[in-house]
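Morning, everyone. I have one structure to walk through today. Let me put it on the screen.

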Amino acid sequence: MSNFNEISGQADCRYAIRAYSINVCQLRIDFRFFHLAQPSTSGNFAKPYTHCAGENLSISGLDFSLCGLLNNQHIYIDWDVKYQTDEKYLHFKLETNSNAMWFIEANQIECTYKSPIIIADELEAPKGCLQYFYKSTGQIESFNYGMSYFGNSRYAICFDKKQNNNAVVE
């Protein structure tokens, strides 16, 4: 479900994702392509660091907003459907003359501890990991890499060393 409202120079776009099972415990969002306005230091004296002041994406369960370039990035959001809500929201705030574009894939993950009949999924991230890398090779970049880094975005990046116990991050 989505809706789009234009409010005094800004556009508001919300997507709702409803859990398909009470065994869902994570939402993985892959940003295949994501381009919003760059973060800035303007607009809020309470936030002297670079942040998503204008255009941004807020996601229920995430403590900070996203903006800038997030191509080929991903995030995991913990989602205990049984004890929390069965919906997660993606809320875009956009300027009406924006050049924003995105192609996002959202996958619900049923976790192995919830049901004994579920086969362990390699995409299931350890609890509390915003990003999880489980392959033996790959590239890791900060959000908005090569542009302005946005501050106050504390999060955990986790790695699965089952593939190679001697793995090293360079």
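Start with the order of elements. Along the sequence, the pattern reads β-β-β-β-β-β-β-β-β. That is nine strands and zero helices. Keep in mind that this is a predicted model. The chain has 170 residues, and 37% of them count as buried. Take the contacts between residues at least 6 apart in sequence: 74% of these join residues at least 24 apart. The chain exposes about 10300 Å², with 49% of that supplied by carbon and sulfur atoms.

Now the inside. The largest nonpolar core holds 28 residues. Which of them touch the most other members? They are F31, L57, I59, L62, L66, I75 and F143. Strands β2, β3, β4, β5 and β6 each give two or more residues to this core. The largest share is five residues, and it comes from β3.

Look at F31 for a moment. Leave aside its neighbours within four places in sequence. F31 then contacts a list of residues that includes L57, L66, L70, I75, F103 and I104.

Next, the surface. F33, M101 and F103 form a nonpolar patch there, with about 310 Å² of accessible area together. M101 is in strand β7, which covers residues 101-110.

On to charges. Side chains of opposite charge can pair when their charged atoms come close. The count here is six salt bridges.

Take E87 and R18. Their closest N and O atoms are 2.5 Å apart. E87 lies in strand β6 and R18 in strand β2, 69 residues apart. E87 is buried because its relative accessible area is 15%, under the 20% cut-off. R18, at 53%, is exposed.

Then R28 and D30. This salt bridge has its closest N and O atoms 2.7 Å apart. Both R28 and D30 are buried.

E105 and R32 make another bridge, at 3.2 Å from N to O. E105 sits in strand β7 and R32 in strand β3, 73 residues apart. E105 is partly exposed at 31%, and R32 is partly exposed at 37%.

Notes
Residues numbered from 1 in each chain as written. Predicted model: local features only at pLDDT ≥ 70, side-chain atom pairs only at ≥ 80, totals over all residues. Heavy atoms only, no water. Core = buried A, V, L, I, M, F, W, Y, C linked by side-chain atoms within 4.5 Å. Buried < 20%, exposed > 50% of the residue type's maximum accessible area, 1.4 Å probe, protein only. Helix = DSSP H or I, 4+ residues; strand = E, 2+ residues; numbered from the N terminus. Contact = heavy atoms within 4.5 Å. Patch = residues over 30% accessible without salt bridge, like charges linked within 9 Å, V, L, I, M, F, W, Y side chains within 5 Å. Areas by Shrake-Rupley, 256 points an atom, 1.4 Å probe, with all protein chains shown as cover. Salt bridge = Lys/Arg side-chain N within 4 Å of Asp/Glu carboxyl O.
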